[in-house]
Amino acid sequence: MSNQIKVVLTEDEIPRQWYNIQADLSHPLPPPLGPDGKPVTPAMLEKVFPANMLPQEFATERWIDIPEGILEKLYLWRPAPLFRARALEKALGTPAKIYYKNEGFSPAGSHKPNTSVAQAWYNKEFGIKRLTTETGAGQWGSALAFACALFGLKCRVYMVRISFDQKPFRKLMMQAWGAECLPSPSENTAFGRKVLEDDMDTPGSLGIAISEAIEDCVSSKDTRYSLGSVLNHVLMHQTIIGLEAKKQMAKINEYPDVVIGCAGGGSNFAGLAFPFLADKMAGKNLRVVAVEPAACPTLTKGPFVYDHGDCAGMTPLLAMHSLGHTFVPKPIHAGGLRYHGMAPLVSHVLREGLIEASALHQVECYTSAVQWARTEGFIPAPETSHAIAQVVREANRAKEEGKERVILFNWSGHGLMDLTGYDNFLQGHLHDYHLTDEDMKKSLASLEGLPKPPPLK
Ligand SMILES: *Cc1c(COP(=O)(O)O)cnc(C)c1O
């Protein structure tokens, strides 16, 4: 059908299992390490994550059933439509076909509820009454608040103070869904009080907020902690995106030559890409590209190391590309892409040569985001704009080469809560941040003395 813009699936066609890429890797993932340098066992994490979900973090079976209770809630916005960006193709004059999964239809406006709903369900089943978490700009906090509301769980979100003050709308979403949102550092935890004692006016950081959320969790009854990206089980929950996309592409007899996603912690990228990487590992020919901000170039400039997930060094060591856990990114607008590390699984597939990484500056990304909004209508999140800018590059390349390439990317969320960045861009105030070797050297120094991951054999 020549006018087709959307490919939709019915509830009956929703994937009923998540894809676990760990089953297909040619080298096993290096395990997370505890403070003693030995691999962490599931039992060690039972105070932090519910024991009925923990096996997923270590699982090596290829398919894991999605419980009916989770599917029931996902039906609120899933299956998510696959769109073809015909207007953008026309504006670019490219022979390429551009397809995208629109994850902006979820109640919180991004892909994040795919895992927050799953995590809230496992906690509820396990008898947990309350979840704690941290949030930067508020996307994850609002996604978890939404999920907790669906299952009648209490939710406390430690939100980085500067965002709490400057970005009230995500906080209001959390409150509308019944969650408690505290500025971090807070008076609520010993760690928060200590930070405030040293500096009453600190803007806070994600590292501090993680430490507070974990302290709150382990010192409370019937409480667990929840993380929105990076970990294996989180990436697996997101594979429903790629599994739907494969069904949708098959319906119109298409298959992507290039798959693209933006990468902060790596979850939306992995969610779309991993089911396609399964085909690539089985011999299919396609390119897969993760796009990160040039101001936080974890995959393109960070070494593959063992590093902590948080600034205080409280979490186990993860084998990943990292800029060092003390890395403080410049204040680019894509808050969700400002993380010092990258999911171990995404880092691993880069190391295995299965994916490529690209680093882009924010002015190019906003330029593409505005072109997108003026052709395709939906206003993308600043994070999503990184994927869009890469798509534009690929489409222009297809034009130069005269190739009718099929591009598929993850439209990870809308930007309606992030219009300040658009304001800065439209007024010409936005500029690029260039990371200096000096900046890099300082944060990379925090890796000294940590164990090294084994080389690939
Ligand atoms: C949080 C977020 C991201 C980055 O997180 P990943 O775990 O890398 O997916 C990207 N896009 C949107 C819209 C987000 O909210």
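## The loop at Pro79 and other backbone details

Pro79 sits in the loop that runs between H2 and E4; helices here (H or I, at least four residues) and strands (E, at least two) are DSSP runs, numbered from the N terminus. The bond that joins Arg78 to Pro79 is a cis peptide bond, with omega about -10°. This is a predicted model, in which local features need pLDDT of at least 70 and side-chain atom pairs count only at pLDDT 80 or more, while totals for chains, interfaces and linings use all residues. Residues are numbered from 1 along each chain as its sequence is written.

A cis peptide bond also leads from Ser184 to Pro185, with omega near 5°. Pro185 has its place in the loop between E8 and helix H8 (190–198). In the loop between E9 and H10 you will find Val230, whose phi is near 70°, a positive value in a residue other than glycine. As background, most residues other than glycine have a negative phi, and most peptide bonds are trans.

## The chain as a whole

The protein chain holds 18 helices and 15 strands. Its radius of gyration, 21 Å, is close to the 23 Å that the globule rule gives for 457 residues, so the chain is as compact as a globular protein of that length. For the record, this radius is taken over C-alpha atoms, and the globule rule is 2.2 Å times the number of residues to the power 0.38. The C-alpha trace spans about 60 × 50 × 50 Å along its principal axes.

The chain divides into domain 1 (6–16 + 62–109 + 233–447) and domain 2 (113–227), with bounds that come from an automatic or database domain assignment. Between the C-alpha centres of domain 1 and domain 2 the distance is 24 Å. Two residues are in contact if their C-beta atoms, placed from the backbone, lie within 7 Å.

## The seven-stranded sheet

Seven strands make an open sheet with mixed pairing, in the order E1-E4-E5-E15-E10-E11-E14; two strands pair if DSSP finds at least two bridges between them. Strand E1 (6–7) and strand E14 (356–360) stand at the edges with a single partner strand each, so one side of each has no neighbour in the sheet. Two bridges link E1 with strand E4 (residues 82–84) in the antiparallel sense, and Val7 stands opposite Leu82 in E4.

H16 lies across strand E5 (97–102), strand E10 (258–262), strand E11 (287–293), E14 and strand E15 (406–411), and runs at about 150° to E10. Axes are lines fitted to C-alpha atoms, for helices over the stretch in contact, and angles run from 0 to 180 degrees between N-to-C directions.

## The four-stranded sheet

A further open sheet has four strands in the order E8-E7-E6-E9, with parallel pairing. Its edges are strand E8 (180–184) and strand E9 (223–225), each with a single partner strand, so one side of each is left without a neighbour in the sheet. On average, neighbouring strands of this sheet are turned by 25° against each other, direction ignored.

Strand E6 (residues 130–135) and E9 run parallel and are joined by three bridges; Leu131 stands opposite Arg224 in E9. Helix H5 (residues 139–151) lies across E6, strand E7 (154–160) and E8, at about 175° to E7.

## Around the ligand

The ligand is surrounded by 19 residues, the closest being Ser229, Gly264, Asn268, Gly336 and Gly413. A residue is near a molecule if its C-beta atom, placed from the backbone, lies within 6 Å of it. The shell around the ligand contains five nonpolar, twelve polar and two charged residues.

Helix H12 (267–281) and helix H16 (382–401) each supply at least two residues of the shell. H12 gives the largest share, three residues.

Terms used
Ala, Val, Leu, Ile, Met, Phe, Trp, Tyr, Cys and Pro count as nonpolar, Asp, Glu, Lys and Arg as charged, and the others, Gly among them, as polar.
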